[in-house]
Amino acid sequence: MSEKQKYYITTAIAYTSGKPHIGNTYEVVLADAIARYKRSQGYDVFFQTGTDEHGQKIELKAEEAGISPKEFVDQVSGQIKNIWDMMDTSYDKFIRTTDEYHEKQVQKIFKKLYDKGDIYKGHYEGLYCTPCESFFTESQLVDGKCPDCGREVQPAKEEAYFFKMSKYADRLIEHINTHPEFIQPVSRKNEMMNNFLLPGLQDLCVSRTSFKWGIPVDFDPKHVVYVWLDALTNYITGIGYDCDGENTEQFKKNWPADLHLIGKDIIRFHTIYWPIFLMALDLPLPKQIFGHPWLLQGDGKMSKSKGNVLYADELVDFFGVDAVRYFVLHEMPFENDGIISWELMVERLNSDLANTLGNLVNRTVSMTNKYFGGVVTDKGVAEEVDADLKAVVEATPKAVEAKMDGLRVADAITEIFNLFKRCNKYIDETMPWVLAKDEEKKDRLETVLFNLIQSISAGAELLESFMPSTSKKILEQLNGGHVTDKPEILFQRLDLEEVLQKVAELHPPVEEEKEEDVIDIEAKPEITYDQFGAMQFQVGEIISCEEVKKSKKLLCSQVKVGSQIKQIVSGIKGHYTAEEMVGKKVMVLVNLKPAKLAGVLSEGMLLCAEDAEGNLALVTPEKDMPAGAEIC
């Protein structure tokens, strides 16, 4: 491009409640790969990341640690920044929401929106999730729990300021409909439109009085600014936004953001709340918001009791920075969740990195040294097989560009490794060791090795965005045809059993102390026999069952109770498949008032038992009983 075009990319700022695991670290590595690639295309890139440091959860964590909230976030923010640096991420700005300039601007923004009439004082009464720092109504809960994280919620009531979200809802809907690239992937856009915007937005709580660790509302100091109005504005304060109109040249140059890169769990805050805040401030909306999927453990959810939490620094100790970067970038699909495990890491290291790439470079450098003293040039002795290799080399940059333009980073890396695989195939086709035995074919041999060096170098240059250190090492070894005296081993193969043994020694599973296998739960108020008698329980037989399309947790069962068929929706998809439900005899609360769950009518309730870890088991009769038998 003749004049550098700006490209402003951000990650979500990491919450400073504790050390980030590899799933959290994935996002900054993904953003770094995109930022590096844009720089390689000639863009003037500004890449911002940072830490989110206010809120009730942090106040409680600091109290548990016996230190002040500021001391606590200083420690965790420093730890996060160290991990980002260790992963070789090339951010231009690391913002902290405790930075003085950010806090001042948040106070100004709050006052401006209040004076404008977009923020008003009221009282909030609802169900609060402390980890997510979010209020919900009863109808927004999923199986009675937080719809975002699945944890328990608690009733809460307090004086608060509210933002009039509905004032801007129609304008946001129009923007989303006229800018199809605004929310990616499309499934995230559909979720936001159908589940939140189209049903109607409720006013948003934007201050709290039940804790102190936050930015004070300067005209009403008993209130602190609620986390999302504080955290989201980092994207503009970090580049010099001033609420009084004295914006820096950097802000004028870089806003609007070209890409907000975030996890799918916070897509609502970034595609609904944030655009509406910007509309209220009369600022342009970001060009694109991409809600990437999650990186999950191969053996289930990360748990310290299982000893299976993966952290970037530990993975780097085993595999090296670029191997970890390769894995998290290559194994994450565009839209669906990715899987990480020690076994998969070892497999990819050995097959893709040590074999496909490392062995390719090693063989090429070794043969160039052995046959030509480390220096080769193009002798022009071409054969038909060369043309196919060169065609792949020429096509790969365009293929990578197309994938990166669509934010399909994993696919872009696959294109580069397809080039390396083609180079390996070229060695098999040309058999340099055979050519070396015939003096008359020396020029052909030199041409083959020159073609290899040029092709591998082309792939290595493309690899820089994803594996910067490896890219540099390859290019230094090949050096345009003047190779190094001795090839450097890029990746050492690892023995899986040895790795797993070391992991077990580092992280032995934590044995939970149990006196006996019982559970005590909070007692509910006593009821009379008449109250119990008002509930009708019968044996039901499930004759068919299917998943509820709009829900990740619900199954819809057709249950035979006597001569009737009742449709019952249950939040048990994580514990039973639709197929294994069919034929079961279950305990049914028959006279429960019908209700709609995820838009599907439910005419009763299946009874389940739940253990301390959240595992569910349907309550079934001990002996075979006919459908309709009364339970008394």
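A: In this predicted model, the largest nonpolar core has 95 residues. The residues with the most contacts inside this core are I9, I22, I34, F319, L329, F466 and F491. Helix 13, which covers residues 342-372, gives the most to the core, with 12 residues.

Helix 18 spans residues 468-478, and its buried residues are P468, T470, S471, I474, Q477 and L478. An α-helix has 3.6 residues a turn, so residues three or four places apart point the same way. The buried residues of helix 18 pack against helix 1 (22-40), helix 12, helix 13 and helix 17 (442-463). After helix 18 comes N479, with a positive phi near 50°.

E331 is located in the loop between helix 12 (321-330) and strand 15 (338-340). Is E331 buried or exposed? E331 counts as buried because its relative accessibility is 16%, and the cut-off for buried is under 20%. The side chain of E331 is joined to that of R348 by a polar contact of 2.5 Å. Not counting residues up to four places away in sequence, E331 touches Y326, G338, I339 and R348.

A second residue of this kind is R96, which is placed in strand 4 (residues 93-96). R96 counts as buried because its relative accessibility is 18%. Its side chain makes a polar contact of 2.6 Å with the side chain of E53, and a polar contact of 3.4 Å links the side chains of R96 and S77. When neighbours within four places in sequence are left aside, R96 is in contact with T51, E53, K70, V73, D74, S77 and H102.

The backbone deserves attention as well. L407 is found in the loop between helix 14 (384-405) and helix 15 (409-430), and its phi is near 60°, a positive value in a residue other than glycine. L407 counts as buried because its relative accessibility is 9%. M431 belongs to the loop between helix 15 and helix 16 (432-435). The phi of M431 is near 45°, again positive in a residue other than glycine. M431 is partly exposed because its relative accessible area is 37%.

Cis peptide bonds are a further backbone feature. The bond from Q184 to P185 is cis, with omega near -10°, and P185 sits in the loop between strand 8 (183-184) and helix 6 (186-197). W255 and P256 are likewise joined by a cis peptide bond, with omega about 10°. P256 is in the loop between helix 9 (249-254) and strand 12 (259-263).

A search of the whole structure finds 1 cavity of 30 Å³ or more. The largest cavity holds about 30 Å³ of space, and it is lined by H54, G55, F211, W213, G214, V225, Y226 and V227.

The cysteines remain to be considered. For comparison, the two sulfur atoms of a disulfide must be within 2.5 Å. The structure as a whole holds 0 disulfides. C608 is likewise in no disulfide, and the nearest cysteine sulfur, in C545, is 12 Å away. As for accessibility, C556 counts as buried because its value is 6%, whereas C608 counts as partly exposed because its value is 32%.

Terms used
Residues are numbered from 1 along each chain as its sequence is written. This is a predicted model: local features need pLDDT of at least 70, side-chain atom pairs count only at pLDDT 80 or more; totals for chains, interfaces and linings use all residues. Side-chain values use heavy atoms; hydrogens and water are left out. Buried means under 20% relative accessible area, exposed over 50%, partly exposed in between (1.4 Å probe, protein chains only). A nonpolar core is a set of buried Ala, Val, Leu, Ile, Met, Phe, Trp, Tyr and Cys residues joined through side-chain atoms within 4.5 Å. Helices (H or I, at least four residues) and strands (E, at least two) are DSSP runs, numbered from the N terminus. A polar contact is a pair of N or O atoms within 3.5 Å; within protein, one must be able to donate a hydrogen and the other to accept it, and residues adjacent in sequence count only if both atoms are side-chain atoms. Contact means heavy atoms within 4.5 Å. On a 1 Å grid over the protein atoms alone, a cavity is a set of points where a 1.4 Å probe fits but cannot get out, and a pocket is an open set with protein on both sides within 12 Å along at least five of seven lines; lining residues have an atom within 4 Å of a point. Grid points are joined across faces, edges and corners, and a volume is the space filled by probe spheres set on the points.
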